[in-house]
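Dear colleague,

Please find below the structure that I am handing over to you. My notes on what was found in it follow directly after.

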Amino acid sequence: MERIRLFEAGVSGFTTHRIPALFTTAAGTELAFCESRTASSDWAPMALQVRRRGKGGAWEDPVDIAASANGPAHNPAPFLPRTGQDAVRLLYGLDYRRVLCVDSSDGGRTWGAPRDITSAFDGFDVPFAVMATGPGGVVVMPSGRVVVPVWLGEGTEKNGHGPSRTACIYSDDGGESFRAGGVIPKGLDNPSEAQIALRADGTLLMSIRNRGPHMERAHSVSLDEGLSWSAPVYARGVIDPVCQGSILALPDGRLVYTGPQNDADQEGRSYCDRIRVSLLVGDAAGERFRVSRVLEPAASGYTALCMGGDGSLLCLCEVWPTGSYGTMSLDLFRIPVGEI
């Protein structure tokens with residue numbers, strides 16, 4: 001396993017780097033996205049940045065995709081458009097009240113003008129004042145349908161987000177336009193950030209952050225490409241300390257998940273501590289997971305997964321070795337699939 005630092009806290013005027021996303025183009029270019037923040041708050045001024053690595057090359061310097069001097073440019077959610085060997089299409093948010101879509105045809109070197117797709121959220125019949133994509137976790141179905149996890153918040157809690165619901169939007173034209181999809185049925189305490197995996201049988205599994213009583217990840221299944229979702233159930237043994245996590249289907253059909261897996265039985269530690277980000281391996285249905293390896297035993301949080309241009313598994317992970325939540329860096333792990 002290889003580990004390198006891609007985004008360093010305190011560099012170029014950014015105190016912290018958060019909310020990772022990963023993507024590999026059809027040409028094998030690897031892209032690492034994040035929010036580069038001037039302060040730790042979700043509402044701080046920030047830039048949405050990307051670093052790229054051409055197949056077999058070195059990681060290039062960060063490029064700004066979007067920025068807001070007054071608030072957040074946030075929650076990157078990349079996916080593969082219908083055309084272009086080195087193309088990528090990216091959804092992201094502005095101020096938690098707009099969602100935009102932007103394209104790159106040259107593997108993330110340059111980006112076009114963004115277009116606003118916020119109107120897609122008008123189709124939801126649940127109350128919300130703020131919204132965001134993923135982060136990450138977008139699936140392109142064999143039919144071509146693009147399914148994007150989103151969360152919808154009323155914005156009345158102190159962080160300006162919750163209480164919230166989890167849902168999806170979808171596109172049948174490669175991301176040119178989007179519509180509101182299914183909303184996860186009630187039953188979870190404050191479900192929010194989610195990712196979607198395409199299972200080997202063609203159905204979708206959504207992995208959902210929540211504040212449940214046992215601090216476990218929640219799962220919901222769609223049999224109709226995101227138009228509706230099953231009642232959520234807890235993923236027994238997959239710890240969720242109220243934190244984002246990442247899920248992905250490997251080429252052999254197994255599902256993998258990354259997120260903090262702290263041991264709440266240790267003295268002085270609570271379930272809500274974000275530590276010990278681990279790689280978990282599950283069966284093709286996502287019903288049984290086991291810890292394969294610990295990636296970062298100390299303070300660590302959000303993650304992103306994708307298959308790399310060399311066929312390895314990539315994981316981009318928030319770490320803060322100084323112990324300060326406001327000084328996060330992002331480390332990239334490259335794991336040969338044969339070792340999983």
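**Findings**

Of the 340 residues in the protein, 59% are buried. Please bear in mind throughout that this is a predicted model.

I begin with the overall form. The secondary structure consists of 24 strands and zero helices. Along the principal axes, the C-alpha atoms occupy a box of roughly 50 × 45 × 45 Å. The radius of gyration is 18 Å, which agrees with the value near 20 Å that a compact globule of 340 residues would have.

Next, the surface and the charges. The protein exposes about 12900 Å², and carbon and sulfur atoms supply 50% of that area. There are 32 positive and 39 negative side chains in the protein. The centres of these two sets lie 1 Å apart.

The cysteines deserve a separate paragraph. The structure contains zero disulfides. Cys306 takes part in none, and the nearest cysteine sulfur to its own, belonging to Cys315, is 9.8 Å away. Cys306 is a buried residue, since its relative accessible area is 8%, and buried means under 20%. Cys317 is likewise in no disulfide. For Cys317 the nearest cysteine sulfur is again that of Cys315, here at 5.5 Å. Cys317 is also buried, with a relative accessible area of 0%.

Finally, I would draw your attention to one glycine. Where does Gly259 lie? This residue belongs to strand S20, which covers residues 255-260. Is Gly259 buried or exposed? With a relative accessible area of 0%, Gly259 counts as buried. Leaving aside residues up to four places away in sequence, Gly259 touches Arg276, Val277, Ser278 and Thr303. Pro185 stands 74 residues from Gly259 along the chain, and the C-alpha atoms of the two are separated by 24 Å.

In summary, the model has 24 strands and zero helices, has 59% of its residues buried, and holds zero disulfides.

With kind regards

Notes:
Residues are numbered from 1 along each chain as its sequence is written. This is a predicted model: local features need pLDDT of at least 70, side-chain atom pairs count only at pLDDT 80 or more; totals for chains, interfaces and linings use all residues. Side-chain values use heavy atoms; hydrogens and water are left out. Helices (H or I, at least four residues) and strands (E, at least two) are DSSP runs, numbered from the N terminus. The radius of gyration is taken over C-alpha atoms; the globule rule is 2.2 Å times the number of residues to the power 0.38. Buried means under 20% relative accessible area, exposed over 50%, partly exposed in between (1.4 Å probe, protein chains only). Accessible areas come from the Shrake-Rupley method with a 1.4 Å probe; for residues, only the protein chains shown count as cover. Lys and Arg count as positive and Asp and Glu as negative; His and the chain ends are not counted. The place of a charge is taken as NZ of Lys, CZ of Arg, CG of Asp or CD of Glu. A disulfide is a pair of cysteine sulfur atoms within 2.5 Å. Contact means heavy atoms within 4.5 Å.
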